[in-house]
Amino acid sequence: MRFTYAEAMTDPSFYLPLAKAAEEAGYTSMSVADSLVYPKESDSVYPYTADGNRDFLEDKPFIETFTLIAAMGAVTTRLRFTPFVLKLPVRPPVLVAKQATSIACLTGGRLGLGVGLSPWREDFEVMGVPWERRGKRMDEAIDIVRGLSRGGYFEYHGEHFDVPALKICPAQPFPILVGGHSEAALRRAVVRGDGWMHAGGGDDLDDLLARLGRIREAEGKAGDPFEVHVISMDAYTPDGVRRLEDKGVTDVIVGFRMPYAKGPDTEPLDKKIEHLERFAETVIAATAS
């Protein structure tokens, strides 16, 4: 089992010392949240809170995803970084391919590119991207990012994107991890991705894992390498970690405060480091033995 430390919407000056502390404590990865804008008015519903409320996001600091990974990558040597998740279909996929391969090269391959659909219609509007057919746009964007990251000339001619034969340099492949709980998202993770990222919330994890397994079986990919990243209370005890491992989970995502609380994060840096170190001592060390 591998362990991912999750911290977001906190004082931006905390991220570099937290990344160094997480690496030293034995975490495999650190997740990096993605948010573009906070519109003054919105009819969108957040899918992972009980009432769909988005107010907890207002005035929370978000550093641009690739910028933050580059900064944390520069002060670590082993820690992997997993965007959780990059809103891919609102971005130009050729640019994302350039950004991601640059990060992969600079960090020595320490990137697992988590991608997903934005739940905010406003993200699409401000980026000048149609909301309609966003799932198809997502599929095409994944194909383009993967194709360009492999090196050599690549071209793509689809419904939304038309990319002439071109290549980027340097190029370096990386795993693409697809987030989401819908049937389309699960299938996309199996067919186009190298793994799946669970978003937490009220959906039944066992049901999601069973559905994921059925899709992998139906697609003839049950035996292929596949990352499964989950959020679960079982991740906070050694026995729970073993239960998740028995279910096929490869990576657990753990955090030590409620991310959906309104207002600023007032927890000091030393307390955050204390929490992540205590978990490493009581769970990571225990499951490694």
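Figure 1. Tryptophan 131 has a relative accessible area of 17% and is buried, since buried means under 20%. The model shown here and in the following figures is predicted. The ring of tryptophan 131 pairs with that of phenylalanine 124: the ring centres are 5.1 Å apart and the planes stand at 85 degrees, so the pair is edge-to-face. Phenylalanine 124 is also counted as buried, at 0% relative accessibility.

**Figure 2. The aromatic pair of tyrosine 5 and phenylalanine 256.** The structure contains 13 aromatic pairs. In one of them, tyrosine 5 and phenylalanine 256 are stacked, with 6.1 Å from centre to centre and 25 degrees between the planes. This pair joins distant parts of the chain, as its members are 251 residues apart. Tyrosine 5 belongs to strand β1 (residues 2-6), whereas phenylalanine 256 lies in the loop between β11 (251-254) and α9 (269-288). With a relative accessibility of 1%, tyrosine 5 is classed as buried; phenylalanine 256, at 24%, is partly exposed. Both residues take part in a cluster linked by ring pairs, which consists of Phe3, Tyr5, Tyr27, Tyr236, Phe256 and Phe279.

**Figure 3. Helix α1 and its packing against helix α2.** Helix α1 covers residues 15-25 and helix α2 covers residues 65-74. How are the two helices oriented to each other, parallel or oblique? Their packing angle is about 55 degrees, and their axes are 9 Å apart; α1 and α2 are therefore oblique to each other. The crossing of α1 and α2 is right-handed. On the α1 side the contact involves Tyr15, Leu16 and Ala19, and on the α2 side Leu68, Ala71 and Met72. The residues of this contact comprise 6 nonpolar, no polar and no charged. The buried residues of α1 are Tyr15, Leu18, Ala19, Ala21, Ala22 and Glu23. Besides α2, these buried residues pack against β1, β2 (29-32) and α9. Just after α1, glycine 26 adopts a positive phi of about 110 degrees.

**Figure 4. Helix α2 alongside helix α3.** Helix α3 comprises residues 93-106. It packs with α2 at an angle of about 10 degrees, the axes being 10 Å apart. Angles under 35 degrees count as roughly parallel, and α2 is therefore roughly parallel to α3. Phe66, Ile69 and Ala70 of α2 meet Val96, Gln99, Ala100 and Ile103 of α3. By class, this contact has 6 nonpolar residues, 1 polar residue and no charged residues.

**Figure 5. Helix α3 crossing helix α5.** Helix α5 runs over residues 134-149 and packs with α3 at an angle of about 45 degrees, with 9 Å between the axes. This angle makes α3 oblique to α5. The crossing of α3 and α5 is right-handed. From α3, the residues in contact are Pro93, Val94, Val96, Ala97 and Thr101; from α5, they are Ala141, Ile144, Val145, Leu148 and Ser149. The contact of α3 with α5 has 8 nonpolar, 2 polar and no charged residues.

Figure 6. Phenylalanine 81 is located in strand β3 (residues 80-83). Is this residue buried or exposed? Phenylalanine 81 is buried, with a relative accessible area of 0%. Leaving aside residues up to four places away in sequence, phenylalanine 81 touches Met30, Ile69, Met72, Gly73, Thr76, Arg110, Leu111 and Gly112. Phenylalanine 66 is 15 residues from phenylalanine 81 along the chain, and their C-alpha atoms are separated by 9.8 Å.

**Figure 7. Two cis peptide bonds.** Valine 85 lies in the loop between β3 and β4 (86-87). Another joins cysteine 169 and proline 170, with omega about 5 degrees. Proline 170 is placed in the loop between β7 (162-166) and β8 (176-179).

Figure 8. Methionine 9, a residue other than glycine, has a positive phi near 55 degrees. It is found in the loop between β1 and α1 and is buried, with a relative accessible area of 9%. Aspartate 59, also a residue other than glycine, has a positive phi near 65 degrees. Aspartate 59 lies in the loop between β2 and α2 and counts as exposed, at 74% relative accessibility.

Conventions
Residues are numbered from 1 along each chain as its sequence is written. This is a predicted model: local features need pLDDT of at least 70, side-chain atom pairs count only at pLDDT 80 or more; totals for chains, interfaces and linings use all residues. Side-chain values use heavy atoms; hydrogens and water are left out. Axes are lines fitted to C-alpha atoms, for helices over the stretch in contact, and angles run from 0 to 180 degrees between N-to-C directions. Helices (H or I, at least four residues) and strands (E, at least two) are DSSP runs, numbered from the N terminus. Angles under 35 degrees count as roughly parallel, over 145 as roughly antiparallel, 65 to 115 as roughly perpendicular and the rest as oblique. A crossing is left-handed if the near helix is turned anticlockwise from the far one by less than a right angle, and right-handed if clockwise. Contact means heavy atoms within 4.5 Å. Ala, Val, Leu, Ile, Met, Phe, Trp, Tyr, Cys and Pro count as nonpolar, Asp, Glu, Lys and Arg as charged, and the others, Gly among them, as polar. Rings of Phe, Tyr and Trp (its six-membered ring) pair if their centres lie within 6.5 Å; planes under 30 degrees apart count as stacked, over 60 as edge-to-face and the rest as tilted. Buried means under 20% relative accessible area, exposed over 50%, partly exposed in between (1.4 Å probe, protein chains only).
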